[in-house]
Amino acid sequence: MARAPIFMVGLLVLCGLSGVTRAEYMKYKDPKQPVNTRIKDLLSRMTLEEKIGQMTQIDRTVASSEVMKKYFIGSVLSGGGSVPAPQASPETWIDMVNDFQRGSLSTRLGIPMIYGIDAVHGHNNVYKATLFPHNVGLGATRDPELVKRIGAATALEVRATGIPYVFAPCIAVCRDPRWGRCYESYSEDPKIVQAMTEIVPGLQGDIPAGSPKGIPYVAGKKNVAACAKHYVGDGGTTDGINENNTVIDWHGLLSIHMPGYYSSIIKGVSTIMVSYSSWNGIKMHANGNLITGFLKNKLRFRGFVISDWQGIDRITSPPHANYSYSIQAGISAGIDMVMVPMNYTEFIDGLTFQVKNKIIPMSRIDDAVRRILRVKFTMGLFENPLADTSLVNQLGSQEHRELAREAVRKSLVLLKNGEGADNPLLPLPKKAPKILVAGSHADNLGYQCGGWTIEWQGLSGDNLTSGTTILSAIKNTVDPKTKVVYKENPDMDSVKSGKFSYAIVVVGEHPYAETFGDSMNLTIASPGTSTISNVCGAVKCVVVIISGRPVTIQPYVAAMDAIVAAWLPGTEGQGIADVLFGDYSFTGKLSRTWFKTVDQLPMNVGDPHYDPLFPFGFGLVTNPVKKN
């Protein structure tokens, strides 16, 4: 009889050992398992607390490894200008991101967090990154392949700092240049915006042939998850007022504002950000018909939907007036991840209460977490959660700066060139006894980069990051014997007496972002127009306009011998001199209608009363100067 118990004990020991072995093998940790199998396995193991943590995105200023661990936080972001230190190196960024990540990895299930950042014209928060022209300029290139290469370069620079996720591209169709975000839009024409979604496979990598449509895709460690934004109708608000109401019928919404989303989803975009704006009076952050009904169910988007910064707070007016309602409305509408980004315990507690009290069903939470995990599994975050320094040399690399310079050249639109084809002013001769460079924007790197540059609102001056001002570019390009005189705002007499061969005047808008850029008059910043009058009244002049949109120039057109729309070119000002002096041709075409007066707005190509100063698609061409 003694043998049986010994046999039983042995059996129990064996069972116990096999139990230990089974516990160590978790399907969700096995990259050989299909993504859906991994999602199902992990979701089945998660508590409500862990699920809601995944749905929470917090700003880096309130994050720590302890917070990540305690609250199971799914994502961290840098808001505009939110950096670990001024002029932080890539290594400093990597150390910060990895510190947060170690907190996430130390949790019971070890689900990695995803770090996101605005990289809207290159890696724009980061010191010494390559800054490309803003989207309005890229639209003028009509070159989707160029934009794809810019996406790939941006991905490398973002990964250089240890970050795997960007809040880009903005695929708004700006229908009114009075909107402060118009420079973030490629065009007023949805077809151009749709073509420029080639930036998505640039950022994320090309989806493999035969892949199902609507499934998020990120190729690997040299690519980043992208975010198409802001869904939907952000560029169509009344009078261009930011975050306001887009009044348009269903057909108009689908034909003007939706096409970029169709293309982005087909190309495997990982995430979509909801717009602050409303459609016909309904806040997009609370619009279940458009988020769940159309985007998720009709278009079969399988990535995750993220709110904008405090986006659910702004469902109510004033914002945050009834946060429990905001949580209910936003999550019920289909938002999967909430950019809280500061008061995360309030969000977590509020959502937990609503699920426990059956106000929001667990099925809605599971849908959100499934989508977030799908993106994390697909991009390899579970296999490679920690960043290394292998790509730090990509930040601001010469190759990327050359690409940005090419983009600047192709984005320039020549609006006027002398009194006619027989008497052009451009290209300018490199050899001249003495030339004048004038204007507030000629020697100001911050102005030529615009908003979303180092700081959210952008900056003035030359010491914000590395780059080439337009004045420096001109000096680099002209003959060594040509004397270049720079006067920011000269008076007419000094110009007349200066015996200049010609003048280059560089003026435009000061930097702005979002609501701070909303403008009802769209003027050139003072003293720009007086600089134009003083210089162009005394000597042959080309005026280079640095702006995020068409501005009021009709009263000055006759005085200016040549006019160049240079948009917001970014750090590589040399691209402007390349074309002014004829090393390359002008090829850019307006991606926006250039109005005569603001009273005409909104006015877009195809409108019945279309009477522009320069029409959509306009752009004079020049031939490059043959080199000896």
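Two disulfides are present in the structure, which is a predicted model. If the bonded cysteines are numbered in sequence order, they pair 1-2, 3-4. The table sets out the two links.

| Disulfide | S-S distance | Torsion about S-S | Handedness |
|---|---|---|---|
| Cys174 and Cys182 | 2.1 Å | about -105 degrees | left-handed |
| Cys536 and Cys541 | 2.0 Å | 105 degrees | right-handed |

Cys174 is buried because its relative accessibility is 0%, and Cys182 is likewise buried at 0%.

Cys170 takes part in no disulfide; the nearest cysteine sulfur belongs to Cys174 and is 9.3 Å away. With 3% relative accessibility, Cys170 is buried. Cys449 is also in no disulfide, and the nearest cysteine sulfur to it, that of Cys170, lies 18 Å away. Cys449 has a relative accessible area of 0% and is therefore buried.

An unreviewed UniProt entry annotates residues 47-375 as "domain: Glycoside hydrolase family 3 N-terminal". This span is 40% helix and 10% strand, and its end C-alpha atoms are 20 Å apart.

Ala404 belongs to helix 16, which runs over residues 398-411. Its relative accessibility is 0%, so Ala404 is buried. Beyond the neighbours within four places in sequence, Ala404 contacts Thr130, Leu131, Phe132, Pro133 and Glu572. Ile435 is 31 residues from Ala404 along the chain, and 27 Å separates their C-alpha atoms.

Notes
Residues are numbered from 1 along each chain as its sequence is written. This is a predicted model: local features need pLDDT of at least 70, side-chain atom pairs count only at pLDDT 80 or more; totals for chains, interfaces and linings use all residues. Side-chain values use heavy atoms; hydrogens and water are left out. UniProt positions are given in the numbering used here, feature names are shortened, and annotations may be inferred rather than shown by experiment. Helices (H or I, at least four residues) and strands (E, at least two) are DSSP runs, numbered from the N terminus. Buried means under 20% relative accessible area, exposed over 50%, partly exposed in between (1.4 Å probe, protein chains only). Contact means heavy atoms within 4.5 Å. A disulfide is a pair of cysteine sulfur atoms within 2.5 Å.
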